[in-house]
Amino acid sequence: MRRKKAGGRSAKRAARQTSSAVFQAFIDRKIPYYELLDEAALELIEHNADTVLEEIGIEFKEFPEALALFKEAGAEIDGERVRFPRGMCRSIIQASAPSEYTQHARNPERNVVIGGKRTVLVPAYGSPFVRDLDKGRRYATIEDFRNFVKLTYMSPGLHHSGGTVCEPVDVPVNKRHFDMVYSHIKYSDKPFMGSVTAPERAQDTVDMAKLVFGDDFVENNTVITSLINANSPMTFDATMLGAATVYARHNQATMISPFILAGAMSPVSVTGTLTQILAEALAGITYVQLVKPGAPVIFGTFAAAVSMQTGAPTFGTPEPSLIIYAAAALARRLGVPFRSGGGLCGSKVADAQAAYESANTLQTSALAGVNFMLHTAGWLEGGLVMGYEKFIMDVDQANMIGVLLNGVDLSENGQAMDALREVGPGSHFLGSEHTQANFESAFYRSSVADNNSYEQWKEEASMDTAQRANKIWKKMLNEYVPPELDVSIDEALQDFMTRRKATTADRDY
Amino acid sequence: MNQEAPLVDFVEDSALEDDDIVLADLSDDELVDQMHDDLYDGLQEEIEEGTTILLERGWSAEKVLNDALVGGMQIVGIDFRDGILFVPEVLLAANAMKGGMAILQPLLAASGVEPVGKIVIGTVKGDIHDIGKNLVGMMMEGAGFEVFDIGINNSVDDYLEAIEKHKPDILGMSALLTTTMPYMKVVIDELVARGIRDDYIVFVGGAPLNEEFGAAVGADYYCRDAAQAAELGPRVVKERRGQAVA
């Protein structure tokens, strides 16, 4: 009797060493959204946002181009203050902004769809510091940047390479964007974000992308998504507008993000904050559509509450959850993709506070229907620190979100009637035919959690979560193998960078 | 018949209710205590009234400043640090203090009294974030400082112009962005180049900074928050003046 070779022990050992996370390019949501507010409440907020836009207006600082475009479109210009007739922003946005778009990766299998019923999970963004158990808290370097790009590449639960996965403070300010963008291209093949700290750096990002994808492809597709923050309250600044303009002109995506620490940059109420968020987003997204109708945009908001006691930002508390749920609904009604949430926490270290605050925010973000979840992994200390152990803990959560949003299997196999009949009362299911057929993929297996007996845990050095995570990231970096990058593209990129860097002296600004 | 009615009428007819205080009726010590309470409660008009009364009683502006105002704000600072008073309440208290200071300022200047300290504060070039800086300014005012806030996006020249004009004890620089904080070194290097670095105490602050960074760019102090800046400010100015005299 001939039968297929089963592979024996070595095959099993090899197969079981890897994470149980299944690779998917992005999450296709199959469960409903948690809808917090009813129609009347959402209409009230939309009405009030229009009032803010009409009566108070939004400032567009040191950027006459924006004022000119708004004036042409029918807004009232008063110095740098722009006031919008009711409904103007919404109709401009709904006329051209895509409800979803594809961001291409250099490996087409990694392309992501942003918007609609999709969720894309992205590492944290912007931290000047990093932390790990061995070296503690320190300023981030380009080496740390590369490490996080590699770790993200190796984590199936993260669909996007992100952007400023930490700020490499050891590279001159005016040149670090080259090394950052290059790292995303070289050490990963997932889609990435562009530099926004100056318009010329945005242009450099576009130019580097063109070396990878080709000029025409970049102009006719989206290969970069970039973060454009409002200077809340109710202000957009020249740096952000400049970068947004460059990206929009080249058909690249921008994430218009009110940056809200509620109580400081917005009113102390959830409803007031939502109103302001919507007003700012409407104005910013309208600007992008006026620059280039149809340029992909994301309605993004960062929202946390400030401690009224100290003025410091807080995370994982109920009010930002309420904000995220409601803002997601507002974005759906507007018809554009939504960004918010992530694994946010205020903790300095990857401890219990970090875990529950992040879990609170991640769960909320998943149930709310966030399409682009920046800050999913690595966030510590209010965004000041990118934590190595925290990253691993969050990636585990990210994997779980992928499973949760996949919903419930109602097929015959999922119904398991055969198993129920086979086992019946009193026995157990562990060896039943159905279980044998399904066990491997039945339940998500955490990469970080310890579920062993006390004695085994003690035998294995009584490690806590952060210590286990520490071992994991080191192992991952050790085992990292870069995705192949065409040699001629690599050379072209390096040549471009060398030439561009040579044109200016190193600067601290 | 209602026996209580006449009593109630009598009380309501009185000009005063139980919790009305007439500041002018209080002794000096009682008035200072009351002003501490009024500062704590952020009552600007009451502070202005109390300040005026003490001056009318012959108090020097300096004594009013130190005993009534600065003394009161120190209590506010302690309770803020201990989490009893919240940020909005501290801002109200600082505003009340400012009300009193406005009355005292010209008198202090006229009598040649040195202020607790002077600070020029601004956000660095390329950075337009100012909430933290504004809080520092308010807390420093609460501590009795004269604050010259030069706003956001300040170049080296903007800082130089301001310190030339105001001759502060402290130069304060703030940044929120990792990409703008290095500019602090540019400013400090220029002070060194012009041989005026030692004329000023340099404070730096902002989310992406730390003590090591402050030292690396050549600042004297890194302040982790507004409360620390307001506690440190008067102390370092006093130390420096003590040294100057010696």
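Two strands are taken to pair if DSSP finds at least two bridges between them. The model is a predicted one.

**Exercise 1.** Determine in what order the strands of the open sheet of chain A run, and which of them are the edge strands.

*Solution.* Strands of a sheet pair through backbone hydrogen bonds, either parallel or antiparallel. The edges are then β3 (76-78) and β12 (235-236) of chain A, since each pairs on one side only. Taking one pairing in detail, β2 (residues 58-60) of chain A is joined to β12(A) by two bridges in the parallel sense, and Phe60(A) has Phe236(A) in β12(A) as its bridge partner. On this sheet packs helix α3 (residues 64-73) of chain A, which touches β2, β3 and β4 (81-83) of chain A and whose direction makes about 145° with that of β3(A).

**Exercise 2.** Describe how α3(A) packs against helix α10 (residues 270-291) of chain A, and find which residues make the contact.

*Solution.* Two packed helices are described by the angle between their axes and the distance between the axes. For α3(A) and α10(A) the angle is about 85° and the axes are 10 Å apart. Angles of 65 to 115 degrees count as roughly perpendicular, and α3(A) and α10(A) are therefore roughly perpendicular to each other. From α3(A) the contact draws on Ala66(A), Leu69(A) and Ala73(A), and from α10(A) on Tyr287(A), Leu290(A) and Val291(A). Sorted by type, the residues of this contact are six nonpolar, no polar and no charged.

**Exercise 3.** Decide whether Asn48(A) is buried, exposed or partly exposed.

*Solution.* Asn48(A) is placed in helix α2 (residues 39-56) of chain A. A residue is buried if 20 or more other C-beta atoms lie within 10 Å of its own, and exposed if 12 or fewer do. Because Asn48(A) has 17 C-beta neighbours inside 10 Å, it counts as partly exposed. As a further check on position, Asn48(A) and Gly426(A) are separated by 378 residues in sequence and by 61 Å in space, C-alpha to C-alpha.

**Exercise 4.** Characterise chain B as a whole, and then examine its helix α2 (residues 28-40).

*Solution.* Chain B has ten helices and five strands, and its C-alpha trace spans about 85 × 40 × 25 Å along the principal axes. Of its 246 residues, 43% are buried. When contacts between residues at least 6 apart in sequence are considered, 73% of those in chain B join residues at least 24 apart. Helix α2(B), with 13 residues, reaches 18 Å from its first C-alpha to its last, close to the 18 Å expected at 1.5 Å a residue. Its buried residues are Leu31(B), Val32(B), Met35(B), His36(B), Asp38(B), Leu39(B) and Tyr40(B), and what covers them includes α3 (44-56), α4 (61-81) and α5 of chain B. Just after α2(B), Gly42(B) adopts a positive phi of about 70°.

**Exercise 5.** Work out how many residues each chain brings to the contact of chains A and B, and which helix of chain B supplies the largest share of its side.

*Solution.* Chain B brings 18 residues to the contact and chain A brings 15 residues. On the side of chain B, α5 (87-110), α6 (131-142) and α8 (183-193) each supply at least two residues, and the largest share, three residues, comes from α8(B). By type, the side of chain B that touches chain A consists of eleven nonpolar, five polar and two charged residues.

Key: Residues numbered from 1 in each chain as written. Chains lettered and ligands numbered in written order. Predicted model: local features only at pLDDT ≥ 70, side-chain atom pairs only at ≥ 80, totals over all residues. Helix = DSSP H or I, 4+ residues; strand = E, 2+ residues; numbered from the N terminus. Contact = placed C-beta atoms within 7 Å. Axes fitted to C-alpha atoms, helices over the stretch in contact; angles between N-to-C directions. Nonpolar A, V, L, I, M, F, W, Y, C, P; charged D, E, K, R; others polar. Expected span 1.5 Å × (residues − 1). Parallel < 35°, antiparallel > 145°, perpendicular 65-115°, else oblique.
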